[in-house]
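I opened this entry to keep track of what I looked up. I wanted the fold, then the helix packing, then the ligand surroundings.

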Amino acid sequence: MPAFNHKLYLVTDQQACLGKDFFKVVESAVKGGVDIVQIREKELQEKDFLKKTLQLKELLDKYNVPLIVNDVLSVAMHGRTAGIHVGNSDLSPVMIRMQWPESVLGYSLEHLDQLSTSNAMVADYIALSPVFATPTKQDTIIEWGLDGIIKVRSLTKYPLVAIGNVHAANAAAIIHAGANCLAVVSAICSADDPEKAAAVIRNEIEKSI
Ligand SMILES: Cc1ncc(COP(=O)(O)OP(=O)(O)O)c(N)n1
Ligand SMILES: Cc1ncsc1CCOP(=O)(O)O
Ligand SMILES: [Mg+2]
């Protein structure tokens, strides 16, 4: 299992960039302190998803920042990315681990019962999904809240990634509750200045650990 020591995780969303250039948004976010990126494309066909992934990987390689692919194993593997993030409606982490043992593998935890499953156990990090309700992803089940983070933290040593309405004002509280890493879409992608937005959140994280 590769160590997962990342602290600020950008999950991309073309729409959330509000017309700004996608690659410039990601590059600015990295300059501001993002240390891992997930490409999340729900609309693209596989060929175009792979093309965009390869382009983004070329950019991120210059900064030595790993790229994770959302949902699609073929894109993650053909793109020679670092890994894949899946949830409970996707190819299972157990199946992915068999096909791609060395991947960085993220798994969305949407219910406490899922924590003791083999899908959680083969993952490199567990995402508390969502920690707070968010307009960016509305097909969610519960919100974990700070109490949920504290509960899961008490039950596992796995790296915990918090996602869902994470921003500068709640970053410190989420880290204090026990999350290791904050995953952000709109607070960075939709910001007028994504570099500054990332830097402010990163600073909150650094002050809180
Ligand atoms: C870091 C991170 N955490 C959670 C998710 C959500 O994954 P999933 O539940 O599979 O939902 P979709 O992203 O596929 O809509 C994520 N992508 N990244
Ligand atoms: C992809 C995803 N998975 C759980 S919540 C979410 C979206 C988070 O978006 P935002 O940071 O804009 O609230
Ligand atoms: Mg998914």
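My notes follow in the order in which I looked things up.

**Model.** I noted at the outset that this is a predicted model.

**Barrel.** I started with the sheet. I found a closed barrel of 8 strands, running E1-E2-E3-E4-E5-E6-E7-E8 with parallel pairing. On average, neighbouring strands of this sheet are turned by 25 degrees against each other, direction ignored. I then picked one pair to inspect. Strand E3, residues 67-70, pairs with strand E4, residues 83-86, in the parallel sense, and I counted 3 bridges. Within E4, His85 is the residue that stands opposite Asn70.

**Helix H9 on the sheet.** Which strands does helix H9 touch? I got strand E1 (8-11) and strand E8 (181-184). H9 covers residues 194-208, and its direction makes about 145 degrees with that of E1.

**H1 against H9.** Next I took helix H1, residues 22-32. H1 and H9 pack at an angle of about 35 degrees, and their axes are 7 Å apart. The crossing of H1 past H9 is right-handed. I listed the residues that meet. From H1 they are Val25, Ser28, Ala29, Lys31 and Gly32; from H9 they are Pro194, Glu195, Ala198, Ala199 and Arg202. By class I have 5 nonpolar, 2 polar and 3 charged residues in this contact.

**H1 against H2.** The axes of H1 and H2 come within 11 Å and cross at roughly 35 degrees. Here too I noted a right-handed crossing, H1 passing H2. H1 brings Phe22, Phe23, Val26, Glu27 and Val30, which meet Lys52, Gln55, Leu56, Leu59 and Leu60 in H2. The class count for H1 with H2 is 7 nonpolar, 1 polar and 2 charged residues.

**Ligand 1.** Which of the 15 residues around ligand 1 come nearest? I wrote down Gln38, Arg40, Lys42, Asp90 and Lys137. I then checked polar distances to ligand oxygen atoms:

- A polar side-chain atom of Arg40 lies 2.7 Å from an oxygen of ligand 1.
- For Lys42, a polar side-chain atom is 2.6 Å from an oxygen of ligand 1.
- Gly87 uses its backbone: an N or O atom there is 3.0 Å from an oxygen of ligand 1.

**Ligand 2.** The residues surrounding ligand 2 include Arg40, Ser129, Pro130, Lys137, Asn165 and Val184. Arg40 and Lys137 had already come up among the residues nearest ligand 1.

- Thr134 has a side-chain N or O atom 2.6 Å from a ligand 2 oxygen.
- Val185 places a backbone N or O atom 2.9 Å from an oxygen of ligand 2.
- Ser186 has a polar side-chain atom 2.5 Å from an oxygen of ligand 2.

**Backbone checks.** Is the peptide bond from Ser129 to Pro130 cis or trans? I found it to be cis, with omega near -5 degrees. Pro130 sits in the loop between strand E6 (125-128) and helix H6 (145-155). Both Ser129 and Pro130 are among the residues surrounding ligand 2. I also flagged Leu18. Its phi is near 50 degrees, a positive value in a residue other than glycine. Leu18 is in the loop between E1 and H1.

Note on methods:
Residues numbered from 1 in each chain as written. Chains lettered and ligands numbered in written order. Predicted model: local features only at pLDDT ≥ 70, side-chain atom pairs only at ≥ 80, totals over all residues. Heavy atoms only, no water. Pairing = 2+ DSSP bridges. Helix = DSSP H or I, 4+ residues; strand = E, 2+ residues; numbered from the N terminus. Axes fitted to C-alpha atoms, helices over the stretch in contact; angles between N-to-C directions. Contact = heavy atoms within 4.5 Å. Left-handed = near helix turned anticlockwise from the far one by under 90°. Nonpolar A, V, L, I, M, F, W, Y, C, P; charged D, E, K, R; others polar. Near = heavy atom within 4 Å. Polar contact = N/O pair within 3.5 Å; in protein donor to acceptor, adjacent residues only side chain to side chain.
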